Amino acid sequence: MAGPESAAETKTRAAADDDETVDEVGRGRAARAARGPDPVCAAAVDIAREAAIEEAGGADAVGEHLGVEAEGERLVLHRFACLTPAYRGWVWAVVTARAPRVRRVTVDDVVLMPGEGALLAPPWVPWSQRLRPGDVGVGDLLPTAVDDPRLALRRSDVEEFADTDAFLELGLGRPRVLSTFGREEASTRWYAGEPGPDAHVAKVAPATCLTCGFHVRLAGGLGRLFGVCANELAPDDAKVTSIDHGCGAHSEALVAPSAHPEPVPFDEDPSDLEPTDVELVGATAGGTSQDAAGTGHATVGHAGHPEPYGHA
């Protein structure tokens with residue numbers, strides 16, 4: 001014979017009976033929304049605490065009960081303070097649930113969640129956005145994305161400035177210009193110093209500035225041997241370097257995948273696509289690809305992309 005019910009059991013059973021009665025008259029969902037969390041699941045504080053203690057590995061890690069919150073129909077979230085010193089401000093969240101017309105409460109999930117004032121890790125930032133000028137040191141290699149917008153794959157992609165062909169210094173408001181002696185003296189000094197090939201960073205570089213896409217050659221006679229670095233992450237950014245200088249921020253030192261890959265559209269039935277001619281903006285090993293009419297073209301395949309073609 002079963003013993004007399006305790007006050008808590010009587011209260012829980014009454015709540016379940018009341019819930020069943022409401023369900024029977026078809027007003028269960030509206031009534032639950034009006035009265036808040038399911039009373040049976042909300043009353044199962046001890047069951048939720050035991051689940052939190054089991055997940056935490058000890059009763060000393062679970063603190064006071066902080067309240068309940070309705071997560072859904074007969075789904076209640078219990079919150080307990082976390083007493084672990086490393087997780088100040090965090091709470092143990094235990095989700096309790098029960099089936100319709102069933103008084104038995106079960107534990108659906110137990111997780112440790114950040115609460116108000118919890119210490120959180122900063123948002124993750126890709127390495128390409130975390131780098132700052134000065135981060136590349138001697139012996140370091142800086143990957144460059146294959147689609148880095150600062151670099152162009154073809155000569156025709158670059159806006160041409162034909163200023164070196166008609167480079168004039170006299171008549172621009174300066175009464176005197178650099179003499180041949182002054183230019184040679186500056187060249188000797190630069191080449192023997194940090195901008196030259198004997199700099200420590202240049203000796204361990206994977207390649208020279210001559211083959212780097214960020215190297216901008218100077219105009220005039222000095223441009224035969226020197227240029228300016230245009231890579232903000234390189235140690236020589238905005239400085240003059242010789243063509244046989246180098247550093248780990250060389251544009252081709254490490255070519256990384258795209259930092260912002262674009263999804264490729266997929267057509268399950270591309271049979272209705274017609275081959276189309278599109279103008280190429282690339283250059284082959286012998287120069288710009290030309291057809292009989294003097295315009296570069298390529299045949300587009302079923303996926304809407306040009307067929308493979310050779311290039312330098």
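D38 and R98 form a salt bridge in which the closest N and O atoms are 3.1 Å apart.

The model is predicted, so local features need pLDDT of at least 70 and side-chain atom pairs count only at pLDDT 80 or more, while totals for chains, interfaces and linings use all residues. Residues are numbered from 1 along each chain as its sequence is written, and side-chain values use heavy atoms, with hydrogens and water left out.

**Exercise 1. The D38 pair**

Task: Locate D38 and R98 in the chain, and decide whether D38 is buried or exposed.

Solution. 
Step 1. A salt bridge requires a side-chain nitrogen of Lys or Arg within 4 Å of a carboxyl oxygen of Asp or Glu. The 3.1 Å between the closest N and O atoms of D38 and R98 belongs to such a bridge.
Step 2. D38 lies in the loop between helix 2 (28-35) and helix 3 (39-42), and R98 in the loop between strand 3 and strand 4. The pair links distant parts of the chain, 60 residues apart. Helices (H or I, at least four residues) and strands (E, at least two) are DSSP runs, numbered from the N terminus.
Step 3. Buried means under 20% relative accessible area, exposed over 50%, and partly exposed in between, using a 1.4 Å probe and protein chains only. D38 is buried because its relative accessible area is 3%. R98, with 7%, is buried too.

**Exercise 2. The other salt bridges**

Task: State how many salt bridges the rule gives, then describe the bridge of E69 and the bridge of R74.

Solution. 
Step 1. The count is three salt bridges.
Step 2. E69 meets R79 in a salt bridge, with 3.2 Å from N to O. E69 is in strand 1 and R79 in strand 2, so the pair ties together parts that are ten residues apart in sequence. E69 is partly exposed at 35% relative accessibility, and R79 is partly exposed at 26%.
Step 3. R74 forms a salt bridge with E73, the closest N and O atoms being 3.1 Å apart. R74 is buried, with a relative accessible area of 6%, whereas E73 is partly exposed at 41%.

**Exercise 3. Strand 2 and its partners**

Task: Work out which strands pair with strand 2, in which sense, and over how many bridges.

Solution. 
Step 1. Two strands count as paired if DSSP finds at least two bridges between them.
Step 2. Strand 1 (residues 62-72) and strand 2 pair in the antiparallel sense over seven bridges. Within this pairing, V62 has C82 as its bridge partner, and E69 has L77.
Step 3. Strand 2 and strand 3 (residues 90-97) also pair in the antiparallel sense, over seven bridges. Here the bridge partner of R79 is A93.
Step 4. Strand 2 (residues 75-82) is mostly covered, with six of its eight residues buried.

**Exercise 4. The negative patch**

Task: Name the residues of the patch of negative charge on the surface and the elements that supply them.

Solution. 
Step 1. A charge patch takes residues with over 30% relative accessible area and no salt bridge, like charges being joined within 9 Å. Asp and Glu count as negative.
Step 2. E54, E55, D108 and D109 make up the patch.
Step 3. Helix 4 (45-56) and strand 4 (106-114) each supply at least two of its residues.
Step 4. D108 is placed in strand 4. D108 counts as exposed because its relative accessibility is 53%.

Definitions and conventions:
Patches are made of residues with over 30% relative accessible area and no salt bridge: like charges are joined within 9 Å, nonpolar side chains (Val, Leu, Ile, Met, Phe, Trp, Tyr) within 5 Å. Accessible areas come from the Shrake-Rupley method with a 1.4 Å probe; for residues, only the protein chains shown count as cover. The place of a charge is taken as NZ of Lys, CZ of Arg, CG of Asp or CD of Glu.
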